[in-house]
Amino acid sequence: MNRQQALQQIIAFGEQRDAAVTALAKFGWDPSFEVISVDSHALIVVLTKYMSGVISADDLELWANFIECRDELDYSEIDGYIYALADPELMGGISLTTIDKMLTLLC
């Protein structure tokens with residue numbers, strides 16, 4: 001799995017995300033990278049997984065923190081949502097109600 005494939009697996013909270021995390025560790029923090037956009041569609045996919053019980057609130061928070069810390073990811077389109085998910089205690093928490101509101105705003 002290359003860097004871009006690994007990042008795509010994590011962005012989509014795909015079935016191979018654990019292997020993707022391992023693969024990314026092998027690449028290190030190389031400054032030469034292709035920027036990948038994380039847009040509202042990607043966010044909707046992950047929020048829907050939370051709403052359907054596929055992932056937990058902790059999973060969602062960890063995902064958002066990952067998105068924030070990777071230089072090769074451009075999440076400027078959804079930065080407010082990522083901030084709220086990465087720091088849920090400052091933003092009222094992650095719950096079915098708050099995520100439903102996010103999805104309503106996004107759709």
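Let's start with helix H4, residues 57-69: its 13 residues reach 19 Å from the first C-alpha to the last, close to the 18 Å expected at 1.5 Å a residue. Keep in mind as you look around that this is a predicted model.

Which residues of H4 are buried? They are Leu 60, Trp 63, Ala 64, Phe 66 and Ile 67. These residues cover an arc of only 155 degrees around the axis, so they sit on the same side of H4.

What covers the buried residues of H4? The cover includes helices H1 (3-11), H2 (17-27), H3 (40-51), H5 (79-86) and H7 (96-106), along with strand E2 (73-74).

Helix H2 deserves a visit of its own. Its buried residues are Ala 20, Ala 23 and Leu 24. They cover an arc of only 100 degrees around the axis, which puts them on the same side of H2. Asp 18, Ala 25 and Lys 26 are exposed on the other side of H2. Among the elements that cover the buried residues of H2 are H1 and H4.

Met 91 belongs to helix H6, residues 88-91. Buried means under 20% relative accessible area and exposed over 50%, so Met 91, at 43%, counts as partly exposed.

Technical notes:
Residues are numbered from 1 along each chain as its sequence is written. This is a predicted model: local features need pLDDT of at least 70, side-chain atom pairs count only at pLDDT 80 or more; totals for chains, interfaces and linings use all residues. Side-chain values use heavy atoms; hydrogens and water are left out. Helices (H or I, at least four residues) and strands (E, at least two) are DSSP runs, numbered from the N terminus. Buried means under 20% relative accessible area, exposed over 50%, partly exposed in between (1.4 Å probe, protein chains only). The expected span of a helix is 1.5 Å times one less than its number of residues. The arc is that of the directions from the helix axis to the C-beta atoms. Contact means heavy atoms within 4.5 Å.
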